[in-house]
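Visitor: I would like to learn how to read a model like this one. Please show me the structure, then take me through its features.

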Amino acid sequence: MIRWISAAAYSLSLIALPQDIGASEPPSTISSLLEQSCLDCHSKETTEGGLDLTALSFELNNRAVRERWVRIHDRIEKGEMPPQADDLPGESRAALVESLSREIHAADMADVKAHGRGPIRRLTRGEYQNNLCELLQMPHLQIAESLPPDRVSHGFDKITDSLDMSDVQAAAYLKTAETVLRAALAPSVEPPSSQTYRADALTMIRPNQNFFGGQRAFYHALENRRLERDEAGELSKDADRHQQVEAVFFRTSFQATRHHVKGFAAKTAGRYRVRFSARAVKDRGDYKLVESDEPAGCNLIASVDRFLNPDNRVASRNFTVGAKREVFEAVVDLLPGETVELNPLGLPIPRPTTIKMPPLPEGGYPGIAYQWVEIEGPLRDGDWPPPSHRVLFGELPIRDASEGGDWPVEVAADKPNEIMPGLVTRFAGLCSRGVMPAEDVKIYIDLAHAELAAGKPFMNAVLAAYKGILCSGHFLYLREPTRAVDQFAIASRLSHFLTDGPPDKLLRQASFDRTLRQREVLVDHTRRIMAHEDFEQFIRHFTDYWLDLRHLRRDAPDERLYPEYRLHDYLHDSMADETRAYVRHLLRDNRPVGEMVASDYTFANDQLARHYGLPPVADADVRLVRLPSGSPYGGLMTQGSVLKVTSNGTTTSPILRGVWVLEHLLGHEVPPPPPTVPGIEPDVRGASTVREIIARHKESSSCASCHRKFDHYGLALENFDIMGAWRDRYRGLEEGEVIKGIDRTGNSFRYTLARAVDASGELEDGRTFRDVRELKAILLEDPRQLARNFVHQLLAYTTGVPVRFSDRREIEAILDSCAPDGYLCRDLLEELVCSRLFLGELGLQAQP
């Protein structure tokens, strides 16, 4: 089975590879211009840059040769080759570019028409999980991490050429499929009973439980005063009075193990309803509670109740807790053994060392007082057996498994050889993207018959066939929309684009009706999906890769230089929420593409408002807020998440930030640095600025030729520290004004404010700016390039094939159609979906 999967995947990946059919010379027009302007440097005698044009084939049917000529075309078009403008005057340059473009386009288009834009694409492991969740009706299923990580290419993990299938991966998919099928079976003949667990403050958090930071971190309270531990223990025996006790948190825990609801653990996987009562309070330093004058945020964490447990995940949205008692509710997915953790957001996290309390904040230490929590579940959804079991075996009755059986229950099948083909055919139809050919279905029916003939139990035989189907090309791969009669490929491409999962019922029906090549229908479904909550899958996945948010926690902030960021999970999470909400807004509200660079708004919550120095915001969830006039914020490149992933945790890097702007926003490729060039080392003393260090680093002319393309973008962002807060001076540990104190976690700190920040710069074309505001104004002068890059990113993400040369004309047509309205983001996405790049060569259906 493993060899078959791997061989099939390899064979399918070869479909779109053009074949060598011999060598040829460039047309005379091209040869003449190259000879006049290029051969002095790029012949067999010189071969500068390793390029000998006299020996380079012009056989453009060969993909490798064609891609090399594409690079030559692009460098000539940009004026980079030949580097002296006089060597190729403007009229001659235009003629050479036009001739090369015509030849390359024709060859690439011929390849596309013969083989498609690219080979079929394997699902990413996240998409595989989502397909299984939908197929088996198991929304709580978590299996992606059990599969090998998908390789990243061209910025995404969805690129076809990188989504290979090795023997190791095939084995992992087979094992995972078996695990999932086992989990889908009914765990018992009778449904597990739904139970309600309720705990008050003294039950959910025991009076003798220790917290880092002592009673300043947590205590029980009655009538707004702290209870001593012995007193709290005695009250727990008083059935009436202990109901009035509150569990008050002033700090989140160092490890996600200290706020668990004690006495509860899910026995079976499923959905659980969690309700709790809470209010926001403050302690003015005297261990007495007063109503808070500002709300506090919290959420729920799903985790296993054990010390130093790293396996925890956010299970609910954020709640905004006010000064008055209020009951909050959420439905969460729990796995067996998991409990719920009450997680106050934004409160200090103490270190497990000697703790000092920071100075008393104005108004008192903020906290959340919980009165009780109630957990009900697993929630029943319809009749028994569960939906996942019925997907596998329909309405066949179940009974207790025989002694020594492989499964918790067994299906009562009196005539297994007669029942089995129908079950396998039905399951194959649910799994295939379209209609699985009868000859392919027969492979799995024969497999099940062979298992039965070998004496295997009925369920084992059927599940062996199911496992094969879940690892087949019909389930694991997405294909190009090439046939007019089969529109399920369009439905599947659109759903995996916008939800990372399979088509829903309405989209499937449209594919069966063969209406998805009608522009109005396709746009309506695109907008409907974008308005659905499943669109969040796209927002999270696309921003994780396009904007690098997956690296947000890669480098921990240097606690010596930035003590305020020590263990600040809430700030990290809020920054990611801001960026995702911003991109969601650009698309759903159809905002101009220029707002990727600059806007008069952002998305902020209580924490981000303080971080950016904005007017106070009361919500724990981010929401749209207007920025003050002259604010440096607004747009993607000045958001904390982007500024964090382009820093190394110790210092900012104009190089990393400049490359990020050039590649991620403007869409210009930056070659990697030579392996012999060392990276710059920050001066944490505070004696040198980053600008001075970079100037020394670029003394080599070979370095300067590339750095002059991007360093200025990064220098404009130097007023933002490693987490995106505004600064006027760099920090150090030796030179400059000394700053001392106790940080939010109770640890002493000392750093210095050193040299002033200079955020001015000069672009490669000679335009200058004084700060990031002026740079944004310059970037806004060319919104078409921003739009072009956005379409490029979307195209690679949705099709798994980076932009080909023959795609360029279609992309320019998309931009032309969106130009009159200012390149609105949703319009760009919709035009892409309606293009041949998305729909295949058949394109939209001609309207009568």
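This is a predicted model: local features need pLDDT of at least 70, side-chain atom pairs count only at pLDDT 80 or more; totals for chains, interfaces and linings use all residues.

Visitor: How many residues does helix 4 have, and how far does it reach?

Guide: Compare the end-to-end span with the expected one. Helix 4 covers residues 90–115, which is 26 residues. From its first C-alpha to its last it reaches 37 Å, close to the 38 Å expected at 1.5 Å a residue.

Visitor: What pLDDT does the protein chain average?

Guide: The chain averages a pLDDT of 87, and 88% of the residues score at least 70. Over residues 2–23, however, the pLDDT is below 50. Beyond near neighbours in sequence, that stretch has 36 contacts in the model.

Visitor: Now helix pairs. At what angle do helix 3 and helix 4 pack?

Guide: Read the angle and the axis distance together. Helix 3, residues 63–77, packs against helix 4 at about 150°, with the axes 10 Å apart. An angle over 145 degrees counts as roughly antiparallel. That makes helix 3 roughly antiparallel to helix 4. The crossing is left-handed.

Visitor: Which residues of helix 3 and helix 4 meet?

Guide: List each side separately. Helix 3 brings R66, W69, V70, H73, I76 and E77. Helix 4 brings R93, L96, V97, L100, S101, I104, A107, D108 and D111. By class, this contact has 8 nonpolar, 2 polar and 5 charged residues.

Visitor: Are helix 10 and helix 12 roughly parallel or roughly antiparallel?

Guide: Again, go from the angle. Helix 10 (residues 416–431) and helix 12 (residues 458–470) pack at about 25°, and their axes are 10 Å apart. Helix 10 is therefore roughly parallel to helix 12. Their crossing is right-handed. On the helix 10 side, the contact is made by P416, I419, M420, L423, V424, F427, A428 and C431. On the helix 12 side, F458, V462, A465, Y466, I469 and L470 take part. The class count is 14 nonpolar, no polar and no charged residues.

Visitor: How far apart are the axes of helix 5 and helix 6?

Guide: The axes of helix 5 (residues 125–136) and helix 6 (residues 167–184) lie 12 Å apart, at an angle of about 25°. The two helices are therefore roughly parallel to each other. Helix 5 passes helix 6 in a right-handed crossing. R125, Y128, L132 and L136 of helix 5 meet Y173, A177, V180 and A184 of helix 6. This contact has 7 nonpolar, no polar and 1 charged residues.

Visitor: On to the loops. Is the peptide bond from G377 to P378 cis or trans?

Guide: Omega settles that. The bond from G377 to P378 is cis, with omega near 0°. P378 sits in the loop between strand 13 (365–377) and helix 9 (387–393).

Key: Residues are numbered from 1 along each chain as its sequence is written. Side-chain values use heavy atoms; hydrogens and water are left out. pLDDT is the predictor's confidence in each residue, from 0 to 100. Contact means heavy atoms within 4.5 Å. Axes are lines fitted to C-alpha atoms, for helices over the stretch in contact, and angles run from 0 to 180 degrees between N-to-C directions. Helices (H or I, at least four residues) and strands (E, at least two) are DSSP runs, numbered from the N terminus. Angles under 35 degrees count as roughly parallel, over 145 as roughly antiparallel, 65 to 115 as roughly perpendicular and the rest as oblique. A crossing is left-handed if the near helix is turned anticlockwise from the far one by less than a right angle, and right-handed if clockwise. Ala, Val, Leu, Ile, Met, Phe, Trp, Tyr, Cys and Pro count as nonpolar, Asp, Glu, Lys and Arg as charged, and the others, Gly among them, as polar. The expected span of a helix is 1.5 Å times one less than its number of residues.
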